[in-house]
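Q: Could you take a close look at one part of this protein for me, the sheet and the core packed around it? I'd like to go residue by residue where that helps.

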Amino acid sequence: HAAGRRRMAALAHRAWFHRPTVVVPATSTARLFAETVTAPFASFAMPVRPELCNRTGAACAADGTATVQTVAAEDSRWLGALLQEVDSILGLPLLMNAPLYSWERTHLLLNTLNDAFRRLVFDSNLDFLLVGDLLFENTTACASLFAKPVENSTPRRRRRRGSH
C-alpha cells in the first residue's frame, strides 16, 4: 500500500503522506464510507469503512480517510461506466485521482494538450493519458512527439492594404 501511495504522490508532486483522492459513484458512498456524501469537487475527506481500508490499498490514508469525489452517472456516462466495470472486476467501484501538474513547472496544473503529452513522455510514473476517447500509452514512440517543434497548423489571415 505504501508503494502505491508514493507513486500517486509522485504523480501529483505531493509528499507521500498526502491524503489520497478517490473517485466513486455517487450511489456507492454508503457502501464505501462511514456516511453518505455528495462531493463532486473532492472538497473534503471522509472516513473509509474500516473493513475496506485493507482492500482499498493506497486509496486509504494512514488515518483511515480519503478525499472523496463523487460522480453521478448522468454527469459523466463514461466515468460512471468505468467505475461500474472496475466494481465488476475488483469488487470496489473506486479509482484513485491525482491532479496533473506541468512537468517543467510543477506548481501549475496542466492547461494544454502539449503539456499533457510532455508529462506522459517525461514522467515514468504516468502510464497512460486519456484525451477524450483516445488512450495514449507512455512508450518510447511518444517521445518522437517532441523530437522537433510542432508549428501552429492554423493559417493566419493577413490583411491586405486598403481592405477594411
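A: Let's start at V48. Setting aside neighbours within four places in sequence, V48 is in contact with L32, F33, C53, C60, G64, T65 and A66; contact here means heavy atoms within 4.5 Å. Before going on, a word on what you're looking at: this is a predicted model, where local features need pLDDT of at least 70 and side-chain atom pairs count only at pLDDT 80 or more, while totals for chains, interfaces and linings use all residues. Residues are numbered from 1 along each chain as its sequence is written, and side-chain values use heavy atoms, with hydrogens and water left out.

V48 belongs to the largest nonpolar core, which has 16 residues. V22, V24, L32, F33, V68 and L94 are, along with V48, those with the most contacts inside that core. By nonpolar core I mean a set of buried Ala, Val, Leu, Ile, Met, Phe, Trp, Tyr and Cys residues joined through side-chain atoms within 4.5 Å; buried is under 20% relative accessible area, exposed over 50%, and partly exposed in between (1.4 Å probe, protein chains only). At least two core residues come from each of β1 (21-25), α3 (50-56) and β3 (65-71). Those labels are DSSP runs numbered from the N terminus: helices are H or I with at least four residues, strands are E with at least two.

Now the sheet. Four strands make an open sheet with mixed pairing, in the order β2-β3-β1-β4; strands pair if DSSP finds at least two bridges between them. β2 (45-47) and β4 (95-97) sit at the edges with a single partner strand each, so one side of each has no neighbour in the sheet. On average, neighbouring strands are turned by 50° against each other, direction ignored; the axes behind that angle are lines fitted to C-alpha atoms, for helices over the stretch in contact, and angles in general run from 0 to 180 degrees between N-to-C directions.

Zoom in on β1 and β4: they run antiparallel and are joined by three bridges. V22, one of the core residues named above, stands opposite M96 in β4.

Over in β3 you'll find Q69. Q69 counts as buried, because its relative accessibility is 18%. Again leaving out neighbours within four places in sequence, Q69 is in contact with V22, V23, V24, A39, P40, A42 and N97.
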